Amino acid sequence: MLVSIAILTAGTAVQVHALEKRQSFNQSLPPIITLNGSTIENPTAYSTPFVLNVEDMWDLFIGPVDSPSLTTTVQATPVPSSELIPPPPLYYSPFPSGAQYPTEQKNESWSFPKDFWWGVAGAAWQVEGAVKAEGRGPSVWDVLAHRVTNFAYENGTADISDNHYYMYKQDIARIAALGVKAYSFSISWSRIMPFGRGPVNQLAIDHYNDLINTCLEYGVIPMATLYHWDTPLALQDTYGGWLSENIVNDFVEYARVCYAAFGDRVDHWFTVNEPSVFCNQYPLPAMYFKNFTIPNIQQPFYCGHHVLLAHSQAYHLGTSMMSNSTIGWKSNGGYKVPLTNSSEDAEAVQRAWDFTEGWWSDPIYLTGDYNDNVKAFVSDFLPPFSDQQKTAILGSADLYAHDAYTAQFNYAPDGGIAACVANSSNPLYPACANTTFTYSPQDGGWLIGPASDPLASWLYKATEWVPPFLHYIKDTWAKDLPIAVSEFGFAEPFERQKSYLQDILFDPIRSSYYHDYMRAILIALSEGVNVVGCLAWSFVDNFEWASAYGVRFGMQYVNFSDPELPRYYKASFFEYKSAFDIYQEK
Ligand code: PNW
């Protein structure tokens with residue numbers, strides 16, 4: 001007992017001594033925090049006195065990052081004509097292009113309208129690289145890739161990725177050389193505002209200005225997405241990112257800055273990309289971000305709520321600031337087919353729509369508020385929307401933009417839907433719809449279509465479902481509004497394992513995906529669905545989120561082992577292009 005008192009006394013003495021020393025050393029340092037003159041006992045009451053600049057945030061929260069070998073903007077060089085020769089045909093009849101391929105006749109009742117915009121898409125964090133360049137602040141994804149072991153495949157990072165930040169001129173020249181009409185990119189919020197709010201980074205404005213001007217120079221329509229999952233880290237750690245209503249004003253202010261800077265040349269805007277993916281990213285891994293105590297299962301729905309408020313306000317602000325704009329958001333999800341003809345499976349399909357597309361589409365296109373199934377869950381913890389909020393949400397999109405990659409079967413959970421809805425510990429709760437990609441045993445048990453890469457286990461080539469999918473979107477939500485397929489694409493299985501260049505460039509399943517997808521859109525158009533454009537994902541291989549460089553979605557191969565990151569067209573890019581060569585009205 002005596003011994004321990006002696007130690008305590010000695011310890012206190014040391015502390016006092018250090019305090020005196022520090023105070024005499026620099027009077028301007030903040031005072032040591034005390035509560036009523038004594039030390040604080042509750043550890044969570046301590047807070048840091050220091051202020052961080054952007055560089056400090058990288059050092060403290062991310063650590064060292066890799067730099068590309070090219071760190072100045074690369075000028076475009078003309079694409080040699082030898083690179084523009086299409087590959088030989090696959091086993092199916094290709095789109096007819098004259099005497100060379102007499103096997104398939106052009107269907108004269110099909111066409112893409114003259115102003116149909118066909119294009120390619122990418123997203124800032126997946127393609128830009130140069131993560132620390134010119135004042136960019138970190139995003140949550142920089143933490144996930146750098147700090148959370150095995151979060152991304154082989155612990156890959158997007159530090160360099162395609163170095164599109166410096167290579168965009170060449171990238172735009174390469175897509176223009178194939179006649180691509182539109183390039184859909186996302187703007188990095190933490191480049192424009194390194195902390196998500198507050199100071200605006202002029203170097204980032206200059207960058208996107210030049211990217212947009214380069215598109216226009218090449219006759220490519222620029223289309224901008226404001227938010228593609230890269231939440232500024234400072235906002236996540238200040239108030240929990242999309243978990244907090246604070247994000248609404250910050251997002252709208254960021255949108256205002258972008259509209260003001262780029263709205264004179266960009267007419268096509270998407271506010272947010274795929275909320276059903278990024279909201280379901282919550283809860284973020286514990287102990288890498290500031291902790292906010294919202295029950296895990298509720299977190300996606302807080303996020304979704306703030307998405308609706310942020311999107312709708314950003315929509316109305318955009319329409320007031322820009323006269324020629326088309327503003328929407330990007331929905332996602334596969335077409336949902338009942339596994340059997342039972343009424344329970346039909347109900348499961350409806351619940352799957354309600355908790356994916358319908359979570360946002362019902363409020364935005366139908367009622368201003370959640371559908372009954374979502375409402376039954378969220379009304380226990382989310383505040384109801386005010387009449388004013390509902391009015392702002394309803395009608396806050398000029399088109400229905402859907403990332404329509406695939407299709408799936410839905411069926412009732414084991415034990416039935418009612419039992420699941422009553423049991424919050426059921427892993428399928430609250431949607432309570434099960435998903436599979438194989439037909440039922442009675443229907444032969446086959447896959448719904450050829451599988452993509454095992455690291456994209458949600459994606460199958462199920463293009464025959466695209467016409468009914470587009471009809472469903474029209475009948476359910478879009479009604480008279482135009483529809484765009486704002487992303488679609490395919491990960492050729494095991495492409496990362498190939499090493500022979502010509503083998504990598506010959507991507508037969510992806511090619512047939514684009515071929516059949518284009519036919520499907522032509523069919524839907526001929527049946528009266530007003531599809532106004534489509535954007536293939538993606539113009540280059542890139543950082544595929546948790547699958548990092550393990551999965552390849554590019555219609556161009558990028559040799560990531562070569563510091564110059566050369567690009568090469570794959571066969572599928574020619575397949576995609578040929579649909580428009582033949583079927584687009586001139
Ligand atoms: C989209 N799903 O993500 C994203 O917008 C892109 O950033 C991404 O690279 C691309 O598709 C390919 O994955 C999705 O599970 C991720 O249905 C998952 C799903 C759909 C789209």
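**Figure 1. Lining of the largest cavity in the predicted model.** In this predicted model, the largest cavity is lined by V140, W141, L144, Y227, W229, T231, Q236, W242, F278, Q281, Y282 and L284. The space in this cavity amounts to about 80 Å³. By class, 9 of the lining residues are nonpolar and 3 are polar, while no charged residue takes part. Helix α4, which spans residues 140-147, gives the most to the lining, with 3 residues. In total, the structure holds 3 cavities of 30 Å³ or more.

**Figure 2. The cis peptide bond between Y282 and P283.** Y282, one of the residues that line the largest cavity, is joined to P283 by a cis peptide bond. The omega angle of this bond is about 0 degrees. P283 is found in the loop between α10 and α11. Helix α10 covers residues 275-278, and α11 covers residues 299-321. Most peptide bonds, by contrast, are trans.

**Figure 3. The largest pocket and its lining.** About 1,300 Å³ of space lies in the largest pocket. The pocket is lined by 47 residues, of which S276, V277, N280, N332 and T356 are the closest to its centre. Four elements each supply at least two residues of the lining, namely α10 (275-278), α11 (299-321), α12 (343-355) and β8 (407-411). Of the elements, α12 gives the most, with 3 residues. The lining has 25 nonpolar, 16 polar and 6 charged residues.

**Figure 4. The ligand and the residues around it.** The ligand sits in the largest pocket. A shell of 13 residues surrounds the ligand, and the closest are Q126, H228, E487, E544 and W545. By class, this shell has 6 nonpolar, 4 polar and 3 charged residues.

**Figure 5. Polar contacts between the ligand and protein side chains.** An oxygen atom of the ligand is 2.8 Å from an N or O atom in the side chain of W545, a residue that is also among the closest to the ligand. For the side chain of E274, the distance from an N or O atom to an oxygen atom of the ligand is 3.1 Å. In the case of W537, an N or O atom of the side chain is 3.2 Å from an oxygen atom of the ligand. On its own, the ligand has 450 Å² of accessible area, and the protein covers 86% of this area.

Figure 6. W537, whose side chain has an N or O atom 3.2 Å from an oxygen atom of the ligand, is linked to S538 by a cis peptide bond. Omega for this bond is near 15 degrees. S538 belongs to the loop between β11 (531-537) and β12 (556-558).

**Figure 7. The backbone at A130.** A130 is not a glycine, although its phi is positive, at about 45 degrees. Most residues other than glycine have a negative phi. The position of A130 is in the loop between α3 (124-127) and α4. Helix α4, at residues 140-147, is also the helix that gives the most to the lining of the largest cavity.

How values were computed:
Residues are numbered from 1 along each chain as its sequence is written. This is a predicted model: local features need pLDDT of at least 70, side-chain atom pairs count only at pLDDT 80 or more; totals for chains, interfaces and linings use all residues. Side-chain values use heavy atoms; hydrogens and water are left out. A residue is near a molecule or strand if one of its heavy atoms lies within 4 Å of it. A polar contact is a pair of N or O atoms within 3.5 Å; within protein, one must be able to donate a hydrogen and the other to accept it, and residues adjacent in sequence count only if both atoms are side-chain atoms. Accessible areas come from the Shrake-Rupley method with a 1.4 Å probe; for residues, only the protein chains shown count as cover. On a 1 Å grid over the protein atoms alone, a cavity is a set of points where a 1.4 Å probe fits but cannot get out, and a pocket is an open set with protein on both sides within 12 Å along at least five of seven lines; lining residues have an atom within 4 Å of a point. A molecule sits in a cavity or pocket if more than half of its atoms lie within 2 Å of its grid points. Ala, Val, Leu, Ile, Met, Phe, Trp, Tyr, Cys and Pro count as nonpolar, Asp, Glu, Lys and Arg as charged, and the others, Gly among them, as polar. Grid points are joined across faces, edges and corners, and a volume is the space filled by probe spheres set on the points.
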